[in-house]
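Biologist: I would like to go through this entry feature by feature. Please give the general idea each time, then the case at hand.

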Amino acid sequence: MNIAQQIVNGLVLGSGYACIALGWTILLGVARLVNFAHGQLYMLGAFVTWYAMTRWGMPYPVAIVAAIVALAILGAVMQRAMMGLVISQNLTSLMIVTLGLGYILQGGSALIFGGNPQTLPGTLSHAKVELGSLWFTWQDVLVLVATLLLYGAVWLFTQRTRFGSVIRAVAEDPKLAELFGINARVVYLLVFMFECSAVALGAALVAPRSPILTSMGFNEVIMTFVVVVLGGIGSIGGALLAGLGLGLFIAFFGAYVAQAYTTAAAFALLLALLVIRPAGLAAK
Amino acid sequence: MSVIETPPSPSLSVMRATAIVALAVTGFFLPKLFGGTSVAYSTLTTIAIFAVMCYGVDIVLSYLGEVSLGHTLFWAIGGYAAANLSVKYGVNGWVTALATIAICLVAAAFLGVVTLRTREFVFSLVTYAAAVVAYEIAFNWDAIGGSDGIVGISALKLPFGFASFSGASQEELWPVAFALLLLTLGFIARFRRSKLGTSALMVQMNPALATSLGIDPRRVRLAVFVISAPITGLAGWLYAYQRAYVGPDMFETYFLVMMLTSVVLIGRRILLGPLIGIAILIAQQNLLSLGGDWNKIILGSVLVVVLVFWPSGLVGLFRRLVNNRS
């Protein structure tokens, strides 16, 4: 195992974590909403892409768009159901409701897509790039580039546009924002739809790496939560750095210590941080 | 609190005690009333065990207002302690129960201290992550069962000095499960009236007032979380003997969703709420099952519908209907 290859592996893993974490970071940071159905949304994004490609014969880019649209619609429906709780900021109930929604999605997907493991046919995942002793796939390059572009775009959007400041106003105080003529319900709806389509995109990009199952739930994306908390909740730059950093940590820990206990190691890292800096790395 | 509350009159407390005894006796003979079949015994034993499991989550959710997603960890600790100690060292049920309580207290104290400064979703996420890590360890560590788990746990043995109790069949396990349920109910009822219970509620409702009255919110949170753990742990302990098998499936989200749904279905802060809630859920799954995937959809929908439309549970809905009519 050489160190350069582990750095590549770490970046590959980390960009995947950051990519899947983006929607959640926005949702948490900007709208202060929690979504424990995140794992099931990831699963659904992967399965819609798979279905569109294998059953309807769509090419990969079109299937990705189909998954994004499907999950945006689903997100709108979910948010519509939760709107009362969101407006009253009943966070405890919201957490449990999203857990229940995730359970519904899991049961429903098993009925529609069946219980067998499937593989997302990504042609790019088989296209290897070899540089001397290093290797990775074009899919990995795609994930890294897409992640960097997405984070850049979202950062510009939330920090530099009028709609970005509207979202932040609602996050700060929904009632006050409404007094200024902002429709908080529409903002919450759009942010939640963004979270769902972002996780669909993440799933379509990252899922070709491993087999997909309808029973994969939150465990599949548990690392994204470590990313969100490590990065400082809601910090866009923090999440990107935390994602890449965590990827490197996991790659080295898996290669040199124990592959079976990487989640445990990541969690130990998180616990240590929570004791030292409860607000996350990015906090001032 | 004792200043405000007037002590109940003696005749009232006698009546209450009689009612409780009558309920307990009826409860004990419930499997007989349902025909005394082995299905009746096993369903009611399962309800009793799962109800105890839910009460651990109940006191955290109802009195602290926090969502613990890590109670499957304590549930599994109970199961793994019972399985490992009884299979490898042949010790009796008292020893495995004591071990369960001890390990649960230590694990909960550790998790509680670490999450002391976190609230709401960070608390929930960290407790959930703790369960995921424990799952990973249980799955990979062959010494405690590994991915196959431990098969062939011998019947529960609880020696009482002169006599010995053994729970080989569902009929024989029922008294133990029922006794554990009664103990738990008694404990919860006491907790609700204790200083800790009232302080916890005050911390949840009005932290500033609680602090000004000299209550340390962090200590209260830690204490409630720590005492909740062995309750769920003991349920897992008995579950291991009932199933004669433990494995990493004890960490499944199913148990977590059952715990939360049973509490919110009837309504938070109601003594018998989780028991009635879990009885309804288990009756649906055992007697009116539509298959695993549909059961998931039903369970999830119950959770969503109740919280969205009747946030105070079925009891709240009932009260509203009664109030509208009068």
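**Reading the model**

Modeller: B:A244 has 15 C-beta neighbours inside 10 Å, so it counts as partly exposed; a residue is buried with 20 or more other C-beta atoms within 10 Å of its own, exposed with 12 or fewer, and partly exposed in between, the C-beta atoms being placed from the backbone. This is a predicted model, in which local features need pLDDT of at least 70 and side-chain atom pairs count only at pLDDT 80 or more, while totals for chains, interfaces and linings use all residues. Residues are numbered from 1 along each chain as its sequence is written, and chains are lettered from A and ligands numbered from 1 in the order in which they are written.

Biologist: What is the phi of B:A244?

Modeller: Most residues other than glycine have a negative phi. B:A244 has a positive value, near 55 degrees, and sits in the loop between α10 (217-243) and β4 (245-246) of chain B. Helices (H or I, at least four residues) and strands (E, at least two) are DSSP runs, numbered from the N terminus. B:R269, also not a glycine, has a positive phi of about 65 degrees. Its loop joins α11 (253-266) and α12 (273-287) of chain B.

Biologist: How many residues of chain A are in contact with chain B?

Modeller: Two residues are in contact if their C-beta atoms, placed from the backbone, lie within 7 Å. Here 36 residues of chain A are in contact with 33 residues of chain B. On the chain A side, α4(A) gives the most, with 16 residues. By class, that side has 26 nonpolar, ten polar and no charged residues. Ala, Val, Leu, Ile, Met, Phe, Trp, Tyr, Cys and Pro count as nonpolar, Asp, Glu, Lys and Arg as charged, and the others, Gly among them, as polar.

Biologist: Which residues touch the most other members of the largest nonpolar core?

Modeller: A nonpolar core is a set of buried Ala, Val, Leu, Ile, Met, Phe, Trp, Tyr and Cys residues joined through C-beta atoms within 7 Å. The largest has 199 residues, and A:V227, B:V52, B:A129 and B:L303 touch the most other members. Helix α3 (residues 38-64) of chain B gives the most to this core, with 17 residues. Domain 1 (60-247) and domain 2 (254-326) of chain B both contribute, so the core lies between them; the bounds come from an automatic or database domain assignment.

Biologist: How far apart are the C-alpha centres of these two domains of chain B?

Modeller: They lie 22 Å apart. The contact takes ten residues from domain 1 and seven residues from domain 2 of chain B.
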